[in-house]
Amino acid sequence: MVNHDHDLTARRVAQNQATFRAANEEIEAAAQAIAPELPRVPFICECAETDCTRTVRLSPSEYELIRSDPTRFVVIPGHEVCEVDGEHVARVVGREADYTIMEKVGTAGEEARQLDRRAGSDSATRPTVAEQDA
Ligand SMILES: [Zn+2]
């Protein structure tokens with residue numbers, strides 16, 4: 001019963017980041033339309049803090065590369081939150097001077113794939129996640 005909270009936490013983190021991602025996609029689209037040559041565009045930090053308003057600067061193509069994987073996201077250096085409420089939700093996969101690339105793991109990763117699919121992305125279809133609550 002108590003462990004149920006962990007699942008909710010991972011879901012909250014994934015949905016929070018899906019919201020940031022949606023905002024960042026709009027930023028990316030706007031940047032492409034207005035100034036496609038911009039080397040650095042301010043994207044929203046996609047860390048687990050719901051009230052984080054910091055921005056992370058990277059090129060639209062760099063961002064596109066990261067977000068082509070639904071489990072990957074970008075945060076500013078120092079915001080690498082790998083655990084939320086004691087649950088392992090993400091890991092660092094790459095560090096650049098201005099940003100850190102993270103990858104969701106476990107339930108948060110599965111949630112991210114499901115949210116991505118619901119959003120209509122045509123990224124690689126994966127088998128439906130089996131309920132592991134046996
Ligand atoms: Zn942040």
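This is a predicted model: local features need pLDDT of at least 70, side-chain atom pairs count only at pLDDT 80 or more; totals for chains, interfaces and linings use all residues.
Let me begin with the sheet: three strands form an open sheet in the order 3-7-6, with antiparallel pairing. Two strands count as paired if DSSP finds at least two bridges between them, and strands here are DSSP runs of E of at least two residues, helices runs of H or I of at least four, both numbered from the N terminus. Strand 3 and strand 6 (90-95) stand at the edges with a single partner strand each, so one side of each has no neighbour in the sheet. From one strand to the next, the twist averages 35°; axes are lines fitted to C-alpha atoms, and angles run from 0 to 180 degrees between N-to-C directions.

Residues are numbered from 1 along each chain as its sequence is written.

Strand 3 and strand 7 (residues 100-104) run antiparallel and are joined by four bridges. Within strand 7, I101 stands opposite V74.

A further pairing involves strand 1 and strand 2, which are antiparallel and joined by four bridges. F43 has V56 in strand 2 as its bridge partner.

I turn to the core. The largest nonpolar core has 22 residues, of which V56, V74, V75 and A108 touch the most other members. Such a core is a set of buried Ala, Val, Leu, Ile, Met, Phe, Trp, Tyr and Cys residues joined through C-beta atoms within 7 Å. Helix 1 (4-34), strand 1 (41-44), strand 2 (55-58), helix 2 (60-67), strand 3 (72-75) and helix 3 (106-118) each supply at least two of its residues. Helix 1 gives the largest share, four residues.

In helix 2, P60, Y63, I66 and R67 are the buried residues. Seen down the helix 2 axis, they fall within an arc of 125°, so they line one face; the arc is that of the directions from the axis to the C-beta atoms. Helix 3 includes T107, A108 and G109 among its buried residues.

Definitions and conventions. A residue is buried if 20 or more other C-beta atoms lie within 10 Å of its own, exposed if 12 or fewer, and partly exposed in between; C-beta atoms are placed from the backbone.
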